[in-house]
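Here is a short briefing to read alongside the model. Keep the viewer open and follow the topics one by one.

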Amino acid sequence: MKVKSTIYAIVIMLLGCNSDQKNEEVVSQNNIDKESKTSLIDYVNPLMGTDSAFDLSNGNTYPAIATPWGMNFWTPMTSKMGDGWTYKYDENTIRGIKQTHQPSPWINDYAAFSFMAITGDLKYKEEERASWFSHKAEIVKPNHYKVYLADYDIVAEVSPTERAAHFRFTFPEAKQSYIMLDAFFKGSMVKIIPEERKIIGYCRNNSGGVPDNFHNYFVAQFDKDFEVNHTWGDEWKLLENSLENKGEHVGAIIGFKTKKGEKVHIKVASSFISPEQAQLNLNREIGTDTFEQTKIKAKQAWEKELNRIKIEDDNVDNIKTFYSCLYRVLLFPRKFYEFNEKNEILHYSPYNGKVLPGYMFTDNGFWDTFRAVFPFFNMMYPELNGKIMKGLANTYKESGWLPEWASPGHRDCMIGSNSAPIIADAFLKGIPDIDTETLFEAILKNATTSEGRPLSNGNEIRSVGREGIDYYNKLGYVPYDVKINENAARTLEYAYADFTIAKMAEKLGKKEVANTFYKRSQNYKNLFDPSTKLMRGKNVDGSFQTPFNPLKWGDAFTEGNSLHYTWSVFHDIEGLIQLMGGKTEFEKQLDNVFEMPPEFDASYYGFTIHEIREMQIVNMGNYAHGNQPIQHMIYLYNYANVPYKTQEKIREVLTKLYSATPDGYCGDEDNGQTSAWYVFSALGFYPVTPGVDQYVIGSPLFKKATITLENGNEFIISASNNSKQNVYVQSASLNNVVYNNSYLNFDTIQQGGELNFMMEKVPNKDWANTDEAVPYSLSKVK
């Protein structure tokens, strides 16, 4: 649907996430009474991507009811306790609304507990208490979830703060009304305190990555007297008229009579530090606020961030998709720190189990997010990213390693050494207050040894450090025949990480270190097979793996094949072009990925994994946008002097593979990465090479976008004559000066100004088609 309206918004000057405790405390009543003329939060659909399953992902998301980067999220549960796909759009019953910290269904959840309300005969087992619901009677916004529990004639609602939440249950007239707190399995405790109208306790459920003393302490404050007090113990054993229970899986039930339309409220908060800290979090973040005040404050927190980028266009569907993606970018990594009674920042360490001062963030897989999420933070949120960097330094001090996948502590998932580009890019872009000495020591350790890795369930966490590092540093690659899976992918990612280390070392004045790692960054060349012009696994003796099928997923590569990973030379596309025999041949190889049939070899996995199926069904050949390794590939046409092909295909992906609907992604969303691709690309540019001060230009989706930077400057991207058909850049100007480069500098954006594109439906093959107009490559400067 299209309407002719200009989208704009008045920025509400609120407390947000700029400066520690100030940003995370109470907003004044005056601000609560102010509403923007256009509420951007109304364009956000948290259900985008929820129509997913194990065998086919349309995002693998759940509706996260949260504030930006909040310590706790809340979400309705349509699936059983422990199911990573906790909310499936096509399921019809809800069994509770839970506090969740899940970053991905493949990683699963930790520290979860839930609330559910019922009427009539007592039903507390999760299958029995589940109620039918309809999306027609469901409101889902980042700041507010509301659903009608049809079996009980109850309306359930929740609105979040960073470490707390406010529930409201509207009951019918009933002699038997109940609210239950399910503290979940893997160790839990509940205690009902009727005289204080409270339930306190803890849950310990996790999926790994926690010390032995891990607890999530919670406190729930009700506004109605309890007439019934029950608990249940292990194996769902009901203990009537009991106030306390502890075991593998326990829960609490409180009951009362209700009148028609009676509203019962619960203010709930939690802490990884102590029960006392949980109460402090509740007092500080909700206190005496009403439900409506909590809801409006959460809305204001989102409006503040969403208004940092204002879109003007007449395609409302695209605007909805943009802000729905931006919402996902601003969820992770989550804050894993709290404020004590003196307002000092401290955190429970998921690495050594101690309570320590300073920042901590978690729930992130850097294999995904180094590509666009962290570059987005460097562009838009340097202060936040400075805090994240402090958290990374704390992780290293507390565990001896940088995280590669944290949830909440080290998790054995994915490959690579992608903490290096995240740290180097932040340092090179001037992110403030970075503990440079500690972080540089940490990335050098990653690049030189894998001894002393932490253990999980008695096994080494293989995703920490670099698997195969001794081979890599000796031979220049991780061999195919030494029982290290995904060896070619590791080699390519290590080589790029080495480039970012070299860049950081160079700026630090460490010339010898820089030279060493610049040399190692050329290791990608060791896997290039001239006979196929593709990357290929290589054996210890220097021979290439045989047989070789470029369509084979996995094996030497990670969740992709050679056609996808060949392009993972982020730092030296010119060097890859030379290996392929020049720009014409490079262009042909790019074209081939899109033009060939979506054939594949799934024999490594033994079945067709969802990433393969998602590639197969979108009619884009072997291009697999639903998974991360190839997401930068379309932008590489710029390096071959044919940027119009980038423009054409970028617009196709933006409008064909994304929408603000339950099936609106084309694969795993993954901590904001697939969303960040959309946000950047819709604006008109993308960070192909984090660690370099450039973005590569594509095809802007909107007529106008205004970016408000943290330094107060505004950068405007306008696209005259833009439309569904007019996807090609005819010409460009930067601050009213003709602009013919197919890249944009970081400092150019930070200084503010306006980049204007003139768009047409026929490509201008002369625009930005010279060798001088192409983006950075190491081979061009070394």
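Phe 184 counts as buried, because its relative accessibility is 3%, under the 20% cut-off. The residue is found in the loop between strand 10 (174-182) and strand 11 (188-193), and although Phe 184 is not a glycine, its phi is positive at about 70°. Please keep in mind that this is a predicted model.

- Most residues other than glycine have a negative phi, and most peptide bonds are trans.
- Asp 363 is another non-glycine residue with a positive phi, here about 65°.
- You will find Asp 363 in the loop between strand 24 (361-362) and strand 25 (364-365). With a relative accessible area of 0%, Asp 363 is buried.
- Phe 332 and Pro 333 are joined by a cis peptide bond, with omega at about 0°. Pro 333 has its place in the loop between helix 6 (316-329) and strand 20 (334-335).
- Thr 546 and Pro 547 are likewise joined by a cis peptide bond, and omega there is about -10°. Pro 547 lies in the loop between strand 30 (534-535) and helix 15 (562-565).

**The chain as a whole**

- The chain contains 22 helices and 38 strands.
- Along the principal axes, its C-alpha atoms fill a box of roughly 80 × 60 × 50 Å.
- How does the radius of gyration of the chain fit a compact globule? For 782 residues such a globule would have a value near 28 Å, and the 26 Å of the chain agrees with that.
- Of the 782 residues in the chain, 67% are buried.
- Among contacts in the chain with a separation of 6 or more, 70% are between residues 24 or more positions apart.

**Helix 4 and Ala 278**

- Helix 4 covers residues 275-285, and its buried residues include Gln 277, Ala 278, Asn 281 and Leu 282. Arg 284 and Glu 285 of helix 4 are buried too.
- An α-helix has 3.6 residues a turn, so residues three or four places apart point the same way.
- Ala 278 is found in this helix, and because its relative accessibility is 0%, Ala 278 counts as buried.
- Which residues does Ala 278 contact, leaving aside its neighbours within four places in sequence? They are Tyr 217, Val 219, Ala 269, Ser 270 and Ser 271.
- Ala 278 and Arg 168 are 110 residues apart along the chain, and their C-alpha atoms are separated by 20 Å.

**Helix 9 against helix 10**

- Helix 9 (residues 382-399) and helix 10 (residues 419-428) pack at about 135°, with axes 11 Å apart. That angle makes helix 9 oblique to helix 10.
- The crossing of helix 9 past helix 10 is left-handed.
- Helix 9 brings Asn 385, Met 389 and Leu 392 to the contact, while helix 10 brings Ile 422, Ile 423 and Ala 426.
- Sorted by class, the contact of helix 9 with helix 10 holds five nonpolar residues, one polar residue and no charged ones.

**Helix 13 against helix 14**

- The axes of helix 13 (residues 487-507) and helix 14 (residues 511-520) come within 7 Å and cross at roughly 160°. Helix 13 and helix 14 are therefore roughly antiparallel to each other.
- Helix 13 and helix 14 make a left-handed crossing.
- On the helix 13 side, the contact residues are Ala 495, Asp 498, Phe 499, Ile 501, Ala 502, Lys 503, Ala 505 and Glu 506. On the helix 14 side they are Val 513, Ala 514, Phe 517, Tyr 518 and Arg 520.
- The contact of helix 13 with helix 14 has nine nonpolar, no polar and four charged residues.

**A loop residue to look up: Asn 627**

- Asn 627 lies in the loop between helix 18 (610-616) and helix 19 (643-656).
- Is Asn 627 buried or exposed? Its relative accessibility is 2%, so Asn 627 counts as buried.
- Not counting residues up to four places away in sequence, Asn 627 touches Trp 367, Glu 559 and Glu 611.
- Asn 627 and Asp 670 are 43 residues apart in sequence, and their C-alpha atoms are 9.1 Å apart in space.

Key. Residues are numbered from 1 along each chain as its sequence is written. This is a predicted model: local features need pLDDT of at least 70, side-chain atom pairs count only at pLDDT 80 or more; totals for chains, interfaces and linings use all residues. Side-chain values use heavy atoms; hydrogens and water are left out. Axes are lines fitted to C-alpha atoms, for helices over the stretch in contact, and angles run from 0 to 180 degrees between N-to-C directions. Helices (H or I, at least four residues) and strands (E, at least two) are DSSP runs, numbered from the N terminus. Angles under 35 degrees count as roughly parallel, over 145 as roughly antiparallel, 65 to 115 as roughly perpendicular and the rest as oblique. A crossing is left-handed if the near helix is turned anticlockwise from the far one by less than a right angle, and right-handed if clockwise. Contact means heavy atoms within 4.5 Å. Ala, Val, Leu, Ile, Met, Phe, Trp, Tyr, Cys and Pro count as nonpolar, Asp, Glu, Lys and Arg as charged, and the others, Gly among them, as polar. The radius of gyration is taken over C-alpha atoms; the globule rule is 2.2 Å times the number of residues to the power 0.38. Buried means under 20% relative accessible area, exposed over 50%, partly exposed in between (1.4 Å probe, protein chains only).
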